[in-house]
Amino acid sequence: MVKLEYLKKEYEKTRQMPGKWPLSSYRYKFNITHFQPFLKALKEKRLIGLKCRSCNTVSFPPKLVCGKCLVQPDQWVALRDTGMVATFTANYMKDETTGELQSFPVIAIQQDGADTTFLTQLNPAVKFEDVYVGMPVKVKWKNQPEGNLGDIEYYDVIDDATKKMKLQNE
Amino acid sequence: MSKQQAAIVSAGFCEHASKRSDVNMAEMANEAIQDCLNNANIEMDAVDAIVMGNMPAFEGANLPELWMTDWVGARDKPLIRVTTGGTTGGSVAIAGYYHVAAGLPGIETVLAVAFEQQSCGNTSVGLSSVALGEISIVNALGLPAESAMRIFGAGAAIGIASYQAINYMKRSGCTEEDLARVVVQNRRNAAKNWWTHLKMPDYTIEQVMATPYVSYPLRFGMVTPASDGACAVLFTREEIAKDTVDIPAYVNGVSSVANETGIVGYAAAGAGQLDPCEQLGAVESAKLAYSQAGISFPEKEIDYAEVYSPFPNQELMWLERLGLFKENTAHLRYRDGTTAPNGELPVNCSGGVNSTNAIGASGLERVAEAALQIMGKAENQVPKTVHTSIGHGWGGCINFVTLTVLSDQPRRK
């Protein structure tokens, strides 16, 4: 690790008491009812979004309450299995056997037909240097879906047709 | 319109460092309060009420106000603790302002204190306590715990900044050198203040670019430190302010705007703002605060800005969203020196959050520095006369924005 020099001042050390604060003993409550049709569709390898009747915003994954209008969205719409990278970053993890630092991309996608972002994983074979905002992606389903979020194994990269387009001023 | 015109008459800091092992939380807050009172030649008796704040869970001591009352001088006085994540400091300043502006009998001078001693506890435990509820929901929906942690743990607070950096660089065309330039300016400014943490008077862009990535495109040399520190600001009524100091910093506009939970959304439901550097909350808060202060042309009327930018790309983003520079041009203004201390619009002459980040105190330090520049008492005082300045705060789950507009003239009635 690189050490950066800065004007540092050392302070006198006083007595310290070690203590522990375990964070594993909480129970988080969550209303899962509005997720059921979504999970059922996942089992059939379909994607659906929840549409707000008031502002026509389609949320994927479904939202319990539309933040704009404060109403409960209740209209299910079918979505295509393609999407677009809205934003991304790289995550780093140490390989436990070799101790090497590995990087892989984490992406937020906008599913075609939906208006919200969905934080998910990209094909681990893709390097994060090759990812860009606006990159088209497609769902890679698990072989035997069980009706949960894990059914979307990851998103795979597909051909970007916009790269072949010629702009008029070129 | 408020009942009373409030003004800032003094601000104080304690020394910031990565480990203030010589003092505890209470003693550290007390250092800042003593400095604040000494600067204005005021005794604790003259203070009528106290507002304090820090992040919850970061030091492993919940509700510190319960046992710190004597240290912050709150015995037999009203005391309120405010905590709103990263904007805690900004919210403490706004709460202090509300106290005075309400014009309640017997509440004339209010002390706002914000502090954080990150070396006491574990900041990542504090942050994960925020995200754990979300992760457990996604886990319950069937995503394996390992992938859930991997997705949500993509850098924690830094991860969100790197999403913003990627989108900002895409839309504005700024380069990594531009980000490094922002950092170098901040760290060099920090070296001119006595209380800051990362004082680097000889920092260069090459040095920044030689460090490895922490989270692409942010490098180790670009990221904010974890500091211990405290800040105190004294709010009072217009008449008292005039008697206390030559030039009080009048508070002419405050706003605290909440927006949609960023990127992740609540219960894995995502966010409607596809671009994380759109930050509509900042745009709204600017509109609100500027209209209160009677500012129609922020780019011309504001002389000094303190923005909350732990990471360099955010500094560029906020300056645009707060209406100080045109969209996608902020990095060009750093190239031509507009934002340097002797430039046309000096930014973060205290070194900003990029050099010193005692999280709970950071928001209040922005307001304090913005006020000190107007009063002419800042350590790294800008050569030009500052008439109007802003102190900005950002935090929550990338969705809270606070803004305070200060001026050397009271608000036009």
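## Terms and values in a two-chain model

Q: Where does A:Pro61 lie?
A: A:Pro61 lies in the loop between β2 (58–59) and β3 (75–79) of chain A. Helices (H or I, at least four residues) and strands (E, at least two) are DSSP runs numbered from the N terminus. The structure is a predicted model, in which local features need pLDDT of at least 70 and side-chain atom pairs pLDDT 80 or more, while totals for chains, interfaces and linings use all residues. Residues are numbered from 1 along each chain as its sequence is written, with chains lettered from A and ligands numbered from 1 in the order in which they are written.

Q: What is the omega of the peptide bond from A:Phe60 to A:Pro61, and what form does the bond take?
A: Omega is near -5°, and the bond is cis. In chain B, the bond from B:Tyr216 to B:Pro217 is also cis, with omega near 0°. B:Pro217 is found in the loop between β5 (213–215) and β6 (218–219) of chain B. Most residues other than glycine have a negative phi, and most peptide bonds are trans.

Q: Why is A:Lys45 called partly exposed?
A: A residue is buried with 20 or more other C-beta atoms within 10 Å of its own, exposed with 12 or fewer, and partly exposed in between, the C-beta atoms being placed from the backbone. A:Lys45 has 13 such neighbours, so it counts as partly exposed. This residue is found in the loop between α1 (36–43) and β1 (47–51) of chain A, and its phi is near 55°, a positive value in a residue other than glycine.

Q: How do you know whether B:Ser355 is buried or exposed?
A: The count of C-beta neighbours inside 10 Å is 27, and B:Ser355 therefore counts as buried. Its place is in helix α13 (residues 352–355) of chain B. Beyond four places in sequence, B:Ser355 touches B:Asn186, B:Arg187, B:Ala190, B:Thr196, B:His197 and B:Leu198; contact requires C-beta atoms, placed from the backbone, within 7 Å.

Q: What makes α6(B) largely enclosed by the rest of the structure?
A: Of the 15 residues of α6(B), 13 are buried, and for that reason the helix is described as largely enclosed.

Q: How do you know that the span of α6(B) agrees with expectation?
A: The expected span is 1.5 Å times one less than the number of residues. For the 15 residues of α6(B) (176–190) this should give 21 Å, and the end C-alpha atoms are 21 Å apart, which agrees.

Q: Why is α3(B) called oblique to α4(B)?
A: The axes of α3 (residues 123–140) and α4 (residues 145–152) of chain B come within 9 Å and cross at roughly 140°. These axes are lines fitted to C-alpha atoms over the stretch in contact, with angles from 0 to 180 degrees between N-to-C directions. Angles under 35 degrees count as roughly parallel, over 145 as roughly antiparallel, 65 to 115 as roughly perpendicular and the rest as oblique. That makes α3(B) oblique to α4(B). Among the residues making the contact are B:Ile135 of α3(B) and B:Met149 of α4(B).

Q: Which strands of chain A each supply at least two residues of the side that touches chain B?
A: In all, 44 residues of chain A are in contact with 53 residues of chain B. The strands are β4 (82–94), β5 (101–111) and β6 (117–121) of chain A, and β4(A) gives the most, with 6 residues.

Methods
Contact = placed C-beta atoms within 7 Å.
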